Every structure is written in structure tokens, then in C-alpha cells.
Amino acid sequence: MNATKYQELQISISQAEEITYKLFNIKGTASELPGEVDFNFRIKIKGQEGFILKISRPNEDESYLDFQQSLLQYVEKNGRNLIAPKVIKDKNGNSISEITDNFGNKRNVRLLTWISGRIWSSVNPQLNDLRFSLGEQCGLLTQALQGYTHPKSKRNFEWDLAQSLWTKKQNHLFSGKEREIITHFQNRFELAQPSYLKLRKSVIHNDANDNNLIVSPDLINPKVKAAIDYGDAIHTQVINDLAITCAYAIMNHNDALEAALPIIKGYHATFQLQEEELAHLYTAIAMRLIITVTKSAINKIAEPENTYLLISEKPAWEVLKKWYNISADYAEYSFREACGFSAHPNQTVFLNWADKNTFQFSDVFPTIQSNNGYQLDLSVSSKWLGHKKDMAAPDFLSYKLNSLQQQHPNKLIAGGYLEPRSVYRSSAYDKIGNNGSESRTIHLGIDFWLPAQTPVHAFLDGEIIITSYNNNDKDYGGLLILKHSVDELTFYSLYGHLSEVSTKQYHVGDMIQKGECIGYLGNMNENGNWVPHLHFQLLLSMLNFTNDFPGVGYYRQIAVWKSICPNPNLLFKKTELSTTKIATNDTLIAFRKQHLGKGLSLQYNTPIKMVRGDGQYLIDQYGQKYLDTVNNVAHVGHEHAAVVQAGQDQMALINTNSRYLHDNINALTQELLATLPEELSVLHFVNSGSEANELAIRMVKANTGERDIIASEVGYHGNTNMCIDISSYKFDGKGGEGAPEHTHIFPLPDAFRGIYRGNNTGEQYAKEVQKQIDIVHSKNRGVGAFIIEPIISCGGQIELPKGFLSRAYKYIRNAGGLCISDEVQVGCGRMGKTFWGFQLHDVVPDIITIGKPLGNGHPLAAVVCTQEVADKFANGMEYFNTFGGNPVSCAIGTEVLRIVKRENLQENALKVGEFLKSELKQLAIQFPIIGDVRGQGLFLGIELVDSEMIPLAAQTDYLANRMKDHGILMSIDGPDHNVLKIKPPIVFTKENAEELLFYLRKIFSEDFMKKIA
Ligand SMILES: Cc1ncc(COP(=O)(O)O)c(C=O)c1O
């Protein structure tokens, strides 16, 4: 169409308003909307949802418009619980009206109700619940369209998936891999035609793309409200509607298949899908994408400047490429599982067969006499397995297994079906899913723990379909897979970790008879340096595998895998080899609620049960790994091997109190003194940070005879009576009763949102300390002490302003008080630049208290003071502490300090911390919701505020929970709960920091985070 002609067709806003009034008697304000064919206007009316006015081009096929209008009217009548545009009839009762435009053209006019909300494409994130609601809405619509017919519903249409083979003629537009992918799916579709053509049909919406879906405005848990634009509706196979819905809504997800599943579930919930339909869904999704990319390729030639026409091309290709790599069978099984069918169609047939056929262990291992099993727990929480370093020591594991076998001489040690494991050392199968990184953890077979060379026999006739030997970073040892055909059923048995020679004995295609020896267990060398065992697995499908088959699956896919790989114990029916049951957390939570103190809180909206620690990671009972940015207690890494060893070694010898001489208490003292200025020379060991501060205050009283303590607003120093009394975080918080008489709180020295802001506030805040000294004096009392953390943690990682601490110390000392540095959170090298927090400020306290990091999780804390303070405290009363300074705790503390030195962890805290901080500052430029980035070393904070500096607690909470969804643990603090704290084990690496930043960037981009007033 030439430009002038198009100009002639234009309808102005005032014309649109006039038409609406004249034809429909509706007075509203019009605004123009984009439209491919029609000229569309939104008609706004105050206090109402309003309308959409559609003016067609001249000579529009009226029967096609009639199809659209009658379809909407049918939906209105039939669609229960369904929101859809409604047809508004004109003053004369017509659902299609007519006008003559300024150029004398007859134009059709329609008015529909407006559906308010957000367009799908603008919604971020698009989570499972949203995709489920998408499926539900589309299913409802298909349900509402059942029985509807119209002559125009059956027509030639390139966007009809059933007609999609027209794209074959355009294959010359593609080359290389792209052409291969396209032809692959076209061929699949063509081959499937006989059964595809038999699928049920009806009129369907046929175009639930990201611009045709209206989502509720909720920023948390939004739902799809309605599908709009019924212009592509057509009578075709029903499954095409779901395929189209999926094709668009799975774009831009790492795991496209996983993204499709909630949509399918939702669709099935409102419109029951049939098994035969699901068998075609995988290919149908691909065919829709092929129509999209083919149309784009054609448009690129026809209208090279029109980039809008190419909008879906890139993401469509991305999905197509991923889709091509997914096994079609696996996809179908996943769809089936999503709809509540058995994932594998033969599951029931197999179960029935297995029910009727029982085998003995001796059928597989005739040389082994035992006919009973002994279940070995190798799950992620297995105490038998112990520390990670022991799991990786095959000789030690062999020794343990031998001992176990000796204890149970008549039993066959076995187990592991569906066990979540963390023993897998290879990262070759790690992947980035839709929620962060995932590792394969769920064991899909049974392991039989038998000596190398144990013969393995076929329990059933079978054909060798795979025989291979690998000893690389992915696969270990010899592998045989046998195909069995029994009754109407085909299934497979897999034998892993065989010796190399046993895999040379047979070839693919060889027929094996029941009872025949098929191989021998491999030795350690043949088995990736791992303990000999047979991995025995059953498979109902080989999927696309031709050379190997996974023996371990991803936790998220467990429901599908357990159907493909049934429990091998179904053959033997040994009750002692029960399947590992992964309990949910509900019972734990319920018990805890009833029997543990109500004041105990649980982290995250959905609490997690952690069963194993590993460096900077925590692992839950399902084997899911979380990057820990919270735990400054596991200072040198969760369950650091040397720390565990030190504790275990000493525990095996003696643990008693400090009234006996022992080297360990002296060794720990020496290690600590080596890090401290010489003035701080006397130690007392205790069991917690609270106890340390409690003792420090006793020392103050003994030294000064005064009880008045000056502390910071929002400071926290522990959970005992005295500690609560000096912790504004507690007594000024929920359930608190304000400051006690002898506690004097000065304002939080927060240069970002405190009473004095910006640079050079040190003196102003120090003067606030002086004010409190004056208050004490005005009551005719003296100052006992001043206690503060070098970075105020609970206050929201508040860095003390420059010059503040030295001034405050001076004022306190002038008043006769002592200065306590609470190093419970920040100590032991975390600051990076310095080993202790007070050293950042060039001061020497009279007392320092040490806690959390010193024991790396073991309860160990200490108070260090000057000789003078210690001497005055030693007034004749014995200081006895049952556990403080015991040999086990001291062995652990000594090892922690040595590890910090040995592994250069203070330097690591500095290097990684500075990198992270500078990157976070960059992030703050990109996302203005980040008001401040602060901290030292690996003790950082990010404060979220709006443009008026109002704290954004809800956003902070959202962010922490969303990060958890991506396997990253973060904590929140600050009086306004708007500071994210980053204080990981100081083995945290630059790669960890990069991962953290990647997901922060992702979550900060989500809609909920963008709402700043
Ligand atoms: C700064 C500070 N001091 C003291 C304590 C008390 O330590 P604990 O919980 O080991 O008694 C804490 C605990 O969080 C703390 O953060």
C-alpha cells in the first residue's frame, strides 16, 4: 500500500471518540493502539475498565469479522470463570457497525470491552505460578470454545500448526545447523501425521503469544487474567493451542522443557488433555517455532527495515536449538508426568510383570551366598559416609566397607535407589537451570558393594545393546546394557563399573541367556579410583542414549526419572532395601512449633533443612547446593577438613576443664596473641559471644566500680541478661522495654541515613558519645565502659565514620571508662585490611570479645584484655568455666587461626571483598534502589531505599527470598530491615562473587524491585 493511501485510512483520535459516541452512545477518551490490520483505539472512561474500538480497513471480509464477533459471544455465554473481551452492540443492536470515512470508504466498526492489566511480555519474572495460570486460562478458553463452529473457522492459514508443513517449501532460506533442525522437526511431524490427524479438534484461540496475554497487576504472584486478540482462531487439533502457548512462554528460560511443565499442568487442570495428544506436543511446539522463524526469514526479505516483524525470531531460534537437544521421549514423559499420567507409558505394565517375577541376588551374583541385603546409606546426610574428604578417599572407604561386611557377614551391602547424594566429584554434569546451578544428585539404580572381580550374571535373557569402557572425568569403568523382551514389554538392565575385560567379551547385538556370566566388577583403577561396586539399574526407555545412560538424575526431574528407571529392588523384593524416602520439612516444622521456643525464628518463607556443609556451600536434604553469603561463623569454610580433624582427634583423647594443664589452651592463646597488639595480653576462654561480653562487663565493674555502659543505637552484644541490657537492637526492638537505667545509647553513627550524614561525621558522632558521658555524670555516676563493634552488624553493616572511634575512646578514657571492642562478628581476618576490626581505626581497646569465627561453628569464644584489667578482675574470686578453654575447643580454635594464615584467607577476604564491593557500587549505578554499598573485606552491606531515602524492607525481603530460589543464601538486617548483609565464609572466591553479582543483577531487574517511589 502506498503512503498516501495509508494516510487516507487513518482515523484521528477525535474521530474515534465521535464514532464511539455516535454508534454506541459512549463518551470516552480515545488513544491510539498498535494493530496489524485494524485501526484500534483504547476508549477510556473514568472509573470503568473502558473499551477497545476496532475500525477495519475498507472491503474487509465481513464474514471473517462475524466469525470473530460470534466467537466472542459464544465464549461470553459458555465461558465460566473466564475473562474475555465482550462484544458491545451498537445503538441498533448490531455487533458489527458501519461508518463511511472521510474518503467515502465503508468501514466496519466493532467495540469490545477492555481488559486491564499488564501485557505478558512486560512481566518479569515469569515464574511457575504465572505459567500455571497461563495454562489454566488457555485451557478454560478451549473449554469454552467446545462445540463452537463457524464457516470461517476452517480456512487456509499459515499460522495453523496442522498446516505447518508449508514451511518445507521455504527451507532454502536456511542453511547449516538451522536447516538441519528445521528438517528434523518437519520430518518428525510428517511421520506422525497418521496419528496426529486423528487427534480431537475444535476451534482454538491459536495465538497465546506474549503480546496477547493480560496479566494481573500484582507484582508478587501475578496471574494471567485473559487472552485477547482472537484473530487467529481456527478449527484445528486442540493440542496446537497448548503448543503455541508453550512455544512463546518458554522463550528466555535456560531450561525450556522445565518452563513448559507448569503451563501444561495448568492447561490440563482446566481442560483435560489426552495421552495421545501429549505424544505430539513436543513436535507441535517445534513446528510453531518453525512457522515463526520461517515467517521472519520471509519478512526479512520482503521488509528488511521492519525489525518488529523479527521480534520473536531470536528467542524462537534459541528455544528450537535447545528443543532439538532434548530427547523427544523424555519430553513426552515429562508432559505426561505433569498431567498426572505415569511418566513412562509402560510403567504399569512393568510393575505388573515385576510383581509376578521374583529373582534372587544369586541370579546376578551366583558366587555370593547372601540372600539378604544390608542397606547402606550414602545419602547427602549419611553419617556413615562422614566428611567429604573421607568420601574422596577410596582406601579409607574400602576399609570401612570391609569392616561393615565383617559385621554383617551374611548380608549383601547394597542400596541407593533415589538416594540424594553429594558424593559425585565430577562437575561435568552441572548445569545452569531456571533457578541457578544444579548438580545431578539422585541415584537411579542400586549399588551392590562387592569385591573387584565378582562375576555378574544375567538374571534374564537379553541382547547386548551397549558395551563400553571409559575412565574419564565423566564416566567410570565398564558399562553393559541388556535389552529384555518379556511378554509385550521391552525394558533394559544396566551394569556399571565393570572391569575392562568384561566389556570386551561381548559385542552389541550378542544374545545373552539367563544365567550367563556377563562380566566382572572392575577394580579401583578401572573405576575412576573409586571403591569397587556394581551399579545396577533398570530402564524402561533408552531415550536418545546410544553409548551410555545417566545413573544419576537432577533432583527437579526425579518424578520423571523414577518412572523411566524403576526400582531394581522390584526384582528382588527385599524389604530391608527400602527406597530412600526424602521426607518433607512439614513434620519438622510442626514439631518445632510445638516443642521449641516460639522465639526461635526460621529463615525464609519456605524454610530449608541443611544437612551438609562444604566450604562456602550448604547442602540440603535433597542434595541441593546453596552458596552461603551469610555465615561468618563457618569462617574458614563449612566443615573445613582440618578443623573437623582437629576436633575429632582431640575428642578421641581427652576433653576436660581448664583446671588441668593442657597444651591446647596455651597453643590457642599463643595463636591469638600473635595477632594482637602487645597491650592486649591476657585471655579468658568462654563458649559464646554473649558469654564473652558478659565477662567483659564483669571485668568493667571489677575495674571501675561503675555500672554505666555507653553503647550504640541498634547495637547487639548477646542474649544474656546483661547483654540484652546493653543491646539497643533488642530493648528498642520488638518486645523490648527500652534502655535500662544504666545503659546510655548514642545515635547510630550512620553516615548514610543517620542524624549526621556524609563525610567527616566522626567528630559529630563522637560528641554524641560525650553527651552520654555528660548524662552519666549529671546523675553523679561514673562511666564503666563504652562497647561497640568496629562495623555495626545488626545496625546494618554500619562502618564507623573516620576518626570517630579514636575520639570516642579518648572521651571515655578521660571519664575513667574502659573501651570494649566487640569483635564477635568481624574478627579473625574477615576485614581483609586488618586481622581485627578495631585495627581499622588505629585504636587499642582495653578489652576485646571474640566469638563466632573462632570455633568455625564449634562453641568457642574469648575475652582478651590488658594486664591491668585482668589483674583488677582477679580479686580473689575464682573464675571457673566448665567448658571454656577445654582441649577440644582449643584444638579447634588453634586450627582455625592456623588455617587463616596457611590459606592466606585474610588476603582473600581483602581481594575478593574489594572486588565485590566495587562491583556492587557499579550495580548501584544501574539500580538506584541500592542507596549505599559499604563494609570492609568480606563484611559488606547493601542498603535499599527509595528516592526519598525511605527504607525498602519489602524489596529487601523479596530479594533475599528470590536469591534463595536461585541457590544463594543472603541475610537481612538493620533497624529498618532494608540492608542485605554479605558475610560469607572467607574462602569465598571471585567466581562466587561473580555468581552472586549475576543473580543480584537478575533479581534487581524484576518488577517488584523496580517500584521505587
Ligand atoms: C556483635 C555480636 N556480639 C555478640 C553476639 C553474641 O554471640 P553469641 O550468639 O555467640 O552468644 C553476637 C551474636 O550475633 C553479635 O553479633
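Start with Pro125, which sits in the loop between strand 7 (118-119) and helix 4 (128-145). Helices (H or I, at least four residues) and strands (E, at least two) are DSSP runs, numbered from the N terminus. A cis peptide bond joins Asn124 to Pro125, with omega at about 5 degrees. Most residues other than glycine have a negative phi, and most peptide bonds are trans.

A word on conventions. The model is predicted: local features need pLDDT of at least 70, side-chain atom pairs count only at pLDDT 80 or more, and totals for chains, interfaces and linings use all residues. Residues are numbered from 1 along each chain as its sequence is written, and side-chain values use heavy atoms, with hydrogens and water left out.

Now the whole chain. Its secondary structure comes to 31 helices and 42 strands. The C-alpha trace spans about 105 × 85 × 50 Å along its principal axes. Of the 1013 residues, 56% count as buried. Buried means under 20% relative accessible area, exposed over 50%, and partly exposed in between (1.4 Å probe, protein chains only). The accessible surface of the protein chain is about 43100 Å², and 49% of it belongs to carbon and sulfur atoms. Such areas come from the Shrake-Rupley method with a 1.4 Å probe; for residues, only the protein chains shown count as cover. Contact means heavy atoms within 4.5 Å. Among contacts between residues at least 6 apart in sequence, 73% join residues at least 24 apart.

What lies inside? In soluble globular proteins, nonpolar side chains tend to be buried together. A nonpolar core is a set of buried Ala, Val, Leu, Ile, Met, Phe, Trp, Tyr and Cys residues joined through side-chain atoms within 4.5 Å. The largest one here has 138 residues, and Ile264, Trp323 and Phe448 have the most contacts inside it. Helix 9 (residues 275-302) supplies the largest share of this core, eleven residues. Look at Trp323. Leaving out residues up to four places away in sequence, Trp323 touches Phe185, Ile250, Ala256, Leu257, Tyr282, Ile285, Ala286 and Phe335.

Two residues show the local packing. Leu577 is in the loop between helix 17 (569-572) and helix 18. At 5% relative accessibility, Leu577 counts as buried. Beyond residues up to four places away in sequence, Leu577 touches Phe361, Gly373, Tyr374, Gln375, Ala414 and Asn569. Val896 lies in helix 27 (residues 887-902). Val896 is buried too, at a relative accessible area of 0%. With residues up to four places away in sequence set aside, Val896 touches His635, Val636, Val643, Pro853, Leu854, Gly855 and Asn856.

Back to the backbone. Tyr604 has a positive phi of about 75 degrees although it is not a glycine. Tyr604 is in the loop between helix 18 (586-595) and strand 26 (610-614). Its relative accessible area of 16% makes Tyr604 buried. Gln797 also has a positive phi, near 50 degrees. Its loop runs between strand 33 (791-792) and strand 34 (798-799). Gln797 is buried, with a relative accessible area of 0%.

Finish at the ligand. Which residues surround the ligand? They are Ser688, Gly689, Ser690, Asn693, Tyr716, His717, Gly718, Glu789, Asp822, Val824, Gln825 and Lys852, where the criterion is a heavy atom within 4 Å. Helix 21 (residues 689-704) gives the most to this shell, with three residues. The shell divides into two nonpolar, seven polar and three charged residues.

Now the polar atoms. An oxygen atom of the ligand is 2.4 Å from an N or O atom in the Ser690 side chain. A ligand oxygen atom is also 2.9 Å from a polar backbone atom of Gly689. A nitrogen atom of the ligand lies 2.8 Å from a polar side-chain atom of Asp822. The protein covers 85% of the 390 Å² of accessible area that the ligand has on its own.

Methods
Polar contact = N/O pair within 3.5 Å; in protein donor to acceptor, adjacent residues only side chain to side chain. Nonpolar A, V, L, I, M, F, W, Y, C, P; charged D, E, K, R; others polar.
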